[in-house]
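Colleague: I'm new to this one. Could you walk me through it, one question at a time?

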Amino acid sequence: MPELPEVEVTRRSFAAAIEGATVLQARLGKPLRWPLGLASECLLGARVGAVSRRGKYLWLPLSRPKASGGLLLHLGMSGSLAFSPGLADAPAGAHDHFDLQTDRGLLRLTDPRRFGAVVWSEAIDADPAAKLLGGLGMEPFDLRFDGTHLHAGLSGRRVAVKLALLAGDIVVGAGNIYACEALFLAGIDPRLAAAKLSRPRAERLAQAVRAVLAQALEAGGTTLRDFKDAHGVAGSFQMQARVYGREGQPCLTCATPIKRIVQGQRSTFFCPQCQKR
DNA sequence: CGTAGGACCTGTTGGC
DNA sequence: TGCCAACAGGTCCTAC
């Protein structure tokens with residue numbers, strides 16, 4: 001579910017409501033990707049700060065009288081967060097693996113596949129958060145993210161440009177859907193070797209990544225199956241996807257059937273006519 | 001260092 | 001209708 005737009009839409013949907021809240025209780029369900037790294041009782045009484053995002057991670061600052069820090073949250077493939085004002089009314093379901101009950105409402109992580117994570121860190125720039133965020137590339141809406149940056153990042157890489165985008169160490173945020181869409185917008189064949197992308201085409205691609213993520217943000221993200229923001233609102237970008245999930249259907253530009261291939265064990269959708277090597 | 005592949009999980013869908 | 005294989009929004013870790 002969650003690429004940068006979904007994570008950011010989620011953040012915006014509950015950040016204001018939870019800021020300043022006091023933690024009353026924390027509950028863990030089944031194990032997620034990593035252990036919390038702290039006894040959940042230690043979170044009691046903590047004050048929630050301003051929720052921020054880095055890549056596809058959310059950072060929930062928690063200040064306690066003595067030790068402060070925060071929770072680094074990741075939604076994995078199937079995770080979503082819900083924030084319901086007041087005290088918990090709905091009992092935790094089979095896939096609800098983290099609850100943070102505050103005096104303003106309940107923040108609940110639902111994640112059937114459990115690739116997501118909730119990890120305590122003393123600071124966002126201290127381990128384990130620093131280790132997880134350390135290898136991340138530039139934020140796509142950072143003004144310094146441009147063709148020059150992208151071109152430099154792609155240089156020396158023999159992998160396909162799509163896989164280089166997905167790796168997230170040059171620019172963060174584009175997952176499988178938006179990487180496919182951005183390459184279509186830029187007219188670039190996803191199989192092209194990263195280092196072979198010319199400077200001008202890197203500029204086009206950088207702009208395309210930005211444009212696609214901005215459009216998706218505007219649309220409230222993509223809801224393929226179960227993505228909802230923290231208030232249960234679904235996204236609608238799937239209606240605007242040009243190639244993702246459209247194998248065999250006519251390209252909206254040239255009517256050539258959209259092709260599906262596998263790269264790095266994941267599906268890639270592209271138009272063999274509009275996207276060139 | 002770059003790359004390829006496996007690993008982690010559960011649920012849904014499509015073909016026979 | 002039932003069963004099984006394929007597939008799903010991510011990314012970390014290991015081995016070459």
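Colleague: Let's start with Gln-265: does it count as buried or exposed?

Modeller: Buried means under 20% relative accessible area, exposed over 50% and partly exposed in between, with a 1.4 Å probe and protein chains only. Gln-265 comes out at 77% relative accessibility, so it counts as exposed.

Colleague: Before we go on, what sort of model is this?

Modeller: Residues are numbered from 1 along each chain as its sequence is written, chains are lettered from A and ligands numbered from 1 in the order in which they are written, and side-chain values use heavy atoms, with hydrogens and water left out. Local features need pLDDT of at least 70, side-chain atom pairs count only at pLDDT 80 or more, and totals for chains, interfaces and linings use all residues, since what you have here is a predicted model.

Colleague: Back to Gln-265, then: which loop is it in?

Modeller: Helices (H or I, at least four residues) and strands (E, at least two) are DSSP runs, numbered from the N terminus. Gln-265 has a positive phi of about 65 degrees although it is not a glycine. You'll find it in the loop between β10 and β11 (266-270).

Colleague: And where is Ala-255?

Modeller: Ala-255 is another non-glycine residue with a positive phi, near 75 degrees. Its place is the loop between α6 and β10 (259-263).

Colleague: Which residues have the most contacts inside the largest nonpolar core?

Modeller: A nonpolar core is a set of buried Ala, Val, Leu, Ile, Met, Phe, Trp, Tyr and Cys residues joined through side-chain atoms within 4.5 Å. The largest one here has 32 residues, and those with the most contacts inside it are Leu-150, Leu-154, Leu-165, Tyr-178, Ile-188 and Leu-205.

Colleague: Which element gives the largest share of this core?

Modeller: Two or more residues each come from α3 (147-154), α4 (161-167), α5 (176-186) and α6 (199-218). The largest share, eight residues, comes from α6.

Colleague: What does Leu-150 touch?

Modeller: Contact means heavy atoms within 4.5 Å. Leaving out residues up to four places away in sequence, Leu-150 touches Phe-145, Leu-165, Ile-170, Ala-202, Leu-205 and Ala-206.

Colleague: How many residues are in the second core?

Modeller: That one is separate, and includes Ala-15, Val-51, Leu-62 and Trp-120. The second core has 28 residues.

Colleague: What covers the buried residues of α6?

Modeller: The buried residues of α6 include Ala-202, Leu-205, Val-209 and Leu-213. Among what covers the buried residues are α1, α3, α4 and α5.

Colleague: How far apart are the end C-alpha atoms of α6?

Modeller: The expected span of a helix is 1.5 Å times one less than its number of residues. For the 20 residues of α6 that should be 28 Å, which agrees with the end C-alpha atoms being 29 Å apart.

Colleague: Where does α1 bend?

Modeller: Helix α1 covers residues 4-18, and its end C-alpha atoms are 21 Å apart, in agreement with the 21 Å its 15 residues should span. A bend is the angle between axes fitted to the seven residues ending at a residue and the seven starting there. In α1 it is about 30 degrees, at Arg-12.

Colleague: What is the strand order in the open sheet of four strands?

Modeller: Two strands pair if DSSP finds at least two bridges between them. β1 (23-28) and β6 (80-85) stand at the edges with a single partner strand each, so one side of each is left without a neighbour in the sheet. The pairing is antiparallel, and the order is β1-β7-β8-β6.

Colleague: How many residues lie between β7 and β8 in their hairpin?

Modeller: These two strands run antiparallel, joined by five bridges, and Asp-99 stands opposite Arg-108 in β8. The number of residues between them in the hairpin is two.

Colleague: Why is β7 described as largely enclosed?

Modeller: β7 pairs with β1 over five antiparallel bridges. It is largely enclosed by the rest of the structure because its buried residues number seven of the seven.

Colleague: Last one: which peptide bond is cis?

Modeller: Look in the loop between β9 (117-121) and α2 (129-134), where Pro-128 lies. Omega is about 5 degrees for the cis bond, which joins Asp-127 and Pro-128.
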